[in-house]
Amino acid sequence: MDPELRGFAESFRRFIERMTELAHASAGPSGLRARLDAHLGGEASGLPVVVEEFAPYDHANVQVGLSAYLEAPGRRHELLGLTGPGRHHLSFADLLEQPYGIGLGSVDLVNLPIGPDETLACVRFGIYLVADAGTPLAIVVRGPQEEFGLGSVRLEVLCRDPGHARRLLAEVRRLMVERNVFRGQVISFGESRMGHVTLGPVVFHRRPELGRDAVVLAEGALEAVERHVLGIARLRDRLRASRQHVKRGLLLHGPPGCGKTLTVRYLLAQTPGHTVVLLTGGGLEMLRGACALARLLQPSVVVLEDVDLVARDRDVFTKEQPLLFDLLNELDGIEEDADVAFVLTTNRADLVEPALAARPGRVDLAVEVGLPDARGRRRLIELYGRGLDLRLTDPDRVVARTEGVAASFIKELMRRAAVLSAEAMGGAGPITVTDEHVHAALDELLGSASGIGRALLGGPRRGDVGPGERPGPGRPARPGRGEEG
């Protein structure tokens, strides 16, 4: 570079640096800095900041705990918002040193669910100026903001006494547990908008309303499930006093469409005081968070559907399975006297890792939810025929023709019979269903040219001949995959 040009560039650089220094010196404290100095009664710059982070799914709980702390007698507070594009990336200390670009403005709020039909306005970014029995302090609240790479909830407390700040955070944590919005709820984790930066939003579900007569299992199976999940919960105090563990695991296994999910829904309906965390599909990634909530909010139930997706036998699948190890660690890590029930379901018990059942306190009870027998099929016909004017003169023949089908198949059979009747007879009011309509629907379902169609409904494949059926289209055989009955 030409020496004269190089000298000009160096002089220009020094000129820019000097102008920046003068601008900073003349600007004086920012609006935020002036407010903080006045609130704290002196220079805010250089004061210690105590920081604590919380899981993103706890954003509403942080707000509830912080609000309860601030509303206690003897405390006053004011909430400020900030403007400026860089405010999300700057620490509390850095915000204080900005002479321009950061100003006072509106508070960033976000509505978060705290129940199936209720939301709470939570601070996404804001600053509380707090007077706590004469001690001034300031709290920056930052919610998770994936667009800025922020995957947690942060509280940053500025105070002359770091001990006071730590006591504040401890009290907020205590209030988060005491007033936790998840307690007694049925929740699952939704998908994050931007991959797996955070756990995604918490989804609240209505607790099922399901009576015992809606669950049709083999004789004695439902009683065993009730005793293991509901009975232990009912007797937990006596069991603990007798030094018996109350943490337990239940595995429901069997073909699709036979009632595993329905059995789970029944258990949830019978545990209204329990916190329930549902894990299925992408939600299985949130296993650690689910177990942490279960420990915190017991009595609780953790439901893992299709557990074979994460707990496959290591002798069959040699590839590393981090979720399997997480599951085993969590099952082992929860204290034996914790009233936490793990309910696992699978269509492929042959693929489930034997280690799940290798130690008491992991899976203590395995119940097969299989194809309904003749008694079960008769009960299912009555169950799914409710609401219809059902006039079957020979129900035994229907029971015989449906050998080898899943419960979901019978549910669809009754609906299709109702459609055939309504189309043929017209009119209004309850639909009258006779033997003719049921057998016509059976002919359609069993005689379908598409084996996939029968499989999707939990019906038989072409193959074995069942009682009451002639060889040929429509003969019952093994069930395929279908919706849970």
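## A residue tucked inside

Let's start with V130: its relative accessibility is 0%, so V130 counts as buried, given that the cut-off for buried is under 20%. Keep in mind as you look around that this is a predicted model. V130 sits in strand β5, which covers residues 118-132.

Who surrounds V130? Setting aside neighbours within four places in sequence, V130 is in contact with H39, L70, R76, H77, T135, P136, L137 and I139. Take H77 from that list: H77 and V130 are 53 residues apart in sequence, yet their C-alpha atoms are 4.3 Å apart in space.

## The seven-stranded sheet

Now find the open sheet of seven strands. Reading across it, the order is β9-β8-β11-β12-β13-β10-β14, and the pairing is mixed. Which strands stand at the edges? They are β9 (202-205) and β14 (365-368); each has a single partner strand, so one side of each has no neighbour in the sheet. On average, neighbouring strands here are turned by 20° against each other, with direction ignored.

You can follow part of that order strand by strand. Strand β8 (residues 186-189) runs parallel to β11, and three bridges join the two. One of the residues to look for is S188, whose bridge partner in β11 is L278. Helix α6 (residues 221-234) lies across β10 (248-253), β13 and β14, and runs at about 155° to β10.

Zoom in on β12, residues 300-304. Is this strand enclosed or open? Five of its five residues are buried, so β12 is largely enclosed by the rest of the structure. Both of its faces are covered: S300, V302 and L304 are buried on one side, and V301 and V303 are buried on the other.

Strand β11 (residues 275-279) is joined to β12 by five bridges, and the two run parallel. For V276, the bridge partner in β12 is V301. Strand β13 (residues 340-346) also runs parallel to β12, again with five bridges joining them. Here S300 has V340 as its bridge partner in β13.

What does R295 touch? Not counting residues up to four places away in sequence, R295 touches E330, G333, I334 and E335. Have a look at A338 too: it is 43 residues from R295 along the chain, and their C-alpha atoms are separated by 7.1 Å.

## Two helices crossing

Finally, there's a pair of helices to explore. Two packed helices are described by the angle between their axes and the distance between the axes. The axes of α13 (residues 407-425) and α14 (residues 435-446) come within 8 Å and cross at roughly 120°. That angle makes α13 oblique to α14. The crossing of α13 past α14 is right-handed.

Which residues meet where these helices touch? On the α13 side they are F409, E412, L413, R416, A417, L420, S421 and M425. On the α14 side they are H437, V438, A440, A441, L442, E444, L445 and L446. Sorted by type, the residues of this contact come out as eleven nonpolar, two polar and three charged.

Key
Residues numbered from 1 in each chain as written. Predicted model: local features only at pLDDT ≥ 70, side-chain atom pairs only at ≥ 80, totals over all residues. Heavy atoms only, no water. Buried < 20%, exposed > 50% of the residue type's maximum accessible area, 1.4 Å probe, protein only. Helix = DSSP H or I, 4+ residues; strand = E, 2+ residues; numbered from the N terminus. Pairing = 2+ DSSP bridges. Axes fitted to C-alpha atoms, helices over the stretch in contact; angles between N-to-C directions. Parallel < 35°, antiparallel > 145°, perpendicular 65-115°, else oblique. Left-handed = near helix turned anticlockwise from the far one by under 90°. Contact = heavy atoms within 4.5 Å. Nonpolar A, V, L, I, M, F, W, Y, C, P; charged D, E, K, R; others polar.
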